Amino acid sequence: MANNYFQFKQFKIFQDKAAMKVGTDGVLLGAWVDLSEVRNVLDVGTGTGIIALMMAQRHVSANITAIDIDSEAYVQATENFLISPWNGRLTAFNQSIQSFGQNREGLYDLVVCNPPFFQNSFKSANSSRNLARHTDSLSADELICNAFLLSSENARLAVVVPEEQAEQFIELCHKNFYNLVRSLCVKPNKTKPAKRRLLEFKKHFRGDSQEKEISIETTARHFYSNEYKELTKEFYLAF
């Protein structure tokens, strides 16, 4: 980290304006999400644009639209897109998914979101950070319903959520005709319980879901597991 940007192998992320900085949740989702059979992608609550940029690196031709309700995050993402090698395939809008979806039904093959997940909890004095972290502006139900309307017939939805909210999110998706395809439980290290779960759903999917587990570190701080290195090696300089 230098000069207020985070350097990845093929792009850099400036993060002085966005409330939410580069974090493990976004990196995991950007590296893990399935981009097969995808042409048009929507990244909801893009923040710095990190997930959108990771997907652009991984997919040589996908068109990626990124939206964020916070104006500073939108400006930050736009700037990061413009200096990237894939700026021709990345577009940002300063809108909520609720307003964005009004005239764009059925456009996207994949909707990706690192959603706000704090409910009824203490808020900071930073309104932009509250928008990014709390569910006031985007509940799970609103995300799922709007993603369904915006996506094509066999489209997928991919998110990262706290482990304690995962089953509730899966149930909400099932009620809205999204069925679980893959899930990845994320543990801080091999001795601790999972803190996050990555979930991927598909419209009207029929079949068994694939469930796996990953530890970020081994048992010592900053000693990363082989599976975490393998997942993120195309992005982190250290791997």
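Leaving aside its neighbours within four places in sequence, which residues is Lys 21 in contact with? The partners are Gln 15 and Asp 16. Keep in mind throughout that this is a predicted model.

**Around Lys 21**

Lys 21 sits in the loop that runs between β2 (12-14) and α1. With a relative accessible area of 43%, Lys 21 is partly exposed, which falls between the 20% limit for buried and the 50% limit for exposed. If you step back to Gln 10, 11 residues away in sequence, the C-alpha to C-alpha separation from Lys 21 is 18 Å.

**The chain as a whole**

Now for the overall picture. The protein chain carries 8 helices and 10 strands. Its C-alpha atoms fill a box of roughly 45 × 40 × 40 Å along the principal axes. For 239 residues, a compact globule would have a radius of gyration near 18 Å, and the 17 Å of the protein chain agrees with that. Of those 239 residues, 49% count as buried.

**α1 against α2**

Helix α1 (residues 24-32) packs on helix α2 (residues 50-58) at an angle of about 25°, and their axes are 9 Å apart. That angle makes α1 roughly parallel to α2, because anything under 35 degrees counts as roughly parallel. The crossing of these two helices is right-handed. On the α1 side, the contact is made by Gly 26, Val 27, Leu 29, Gly 30, Ala 31 and Trp 32, while α2 brings Ile 50, Ile 51, Met 54 and Arg 58. Sorted by class, this contact has 7 nonpolar, 2 polar and 1 charged residues.

Leaving aside neighbours within four places in sequence, Leu 29 is in contact with Ile 51, Val 112, Cys 113, Asn 114, Ala 158, Val 159, Val 160 and Leu 198. Ile 51 in that list also belongs to the α2 side of the helix contact. As for Ser 61, 32 residues from Leu 29 along the chain, the two C-alpha atoms are separated by 19 Å.

**α6 against α7**

How do α6 and α7 cross, right-handed or left-handed? The crossing is right-handed. The axes of helix α6 (residues 140-150) and helix α7 (residues 166-175) come within 10 Å and cross at roughly 35°. Ala 140, Asp 141, Leu 143 and Ile 144 of α6 make the contact with Phe 169, Leu 172 and Cys 173 of α7. The class count here is 6 nonpolar, no polar and 1 charged residues.

Leu 143, Ile 144, Asn 146, Ala 147 and Leu 150 are buried in α6. The buried residues of this helix pack against β3, α4 (97-100), β6 (108-113), β7 (151-162), α7 and β8.

Over in helix α7 you'll find His 174, which counts as partly exposed at 39% relative accessibility. Beyond its neighbours within four places in sequence, His 174 is in contact with Asn 179 and Leu 180. Glu 213 lies 39 residues from His 174 along the chain, with 22 Å between their C-alpha atoms.

**Positive phi in the loops**

Glu 37 has a phi near 55°, a positive value in a residue other than glycine. Glu 37 belongs to the loop between α1 and β3 (40-44), and its 77% relative accessibility means that the residue counts as exposed. Phe 177 also has a positive phi without being glycine, near 70°. Its loop is the one between α7 and β8 (178-189).

**Accessibility side by side**

Here are the accessibility values again for the residues discussed above.

| Residue | Relative accessibility | Class |
|---|---|---|
| His 174 | 39% | partly exposed |
| Lys 21 | 43% | partly exposed |
| Glu 37 | 77% | exposed |

Terms used. Residues numbered from 1 in each chain as written. Predicted model: local features only at pLDDT ≥ 70, side-chain atom pairs only at ≥ 80, totals over all residues. Heavy atoms only, no water. Axes fitted to C-alpha atoms, helices over the stretch in contact; angles between N-to-C directions. Helix = DSSP H or I, 4+ residues; strand = E, 2+ residues; numbered from the N terminus. Parallel < 35°, antiparallel > 145°, perpendicular 65-115°, else oblique. Left-handed = near helix turned anticlockwise from the far one by under 90°. Contact = heavy atoms within 4.5 Å. Nonpolar A, V, L, I, M, F, W, Y, C, P; charged D, E, K, R; others polar. Rg over C-alpha atoms; globule rule 2.2 N^0.38 Å. Buried < 20%, exposed > 50% of the residue type's maximum accessible area, 1.4 Å probe, protein only.
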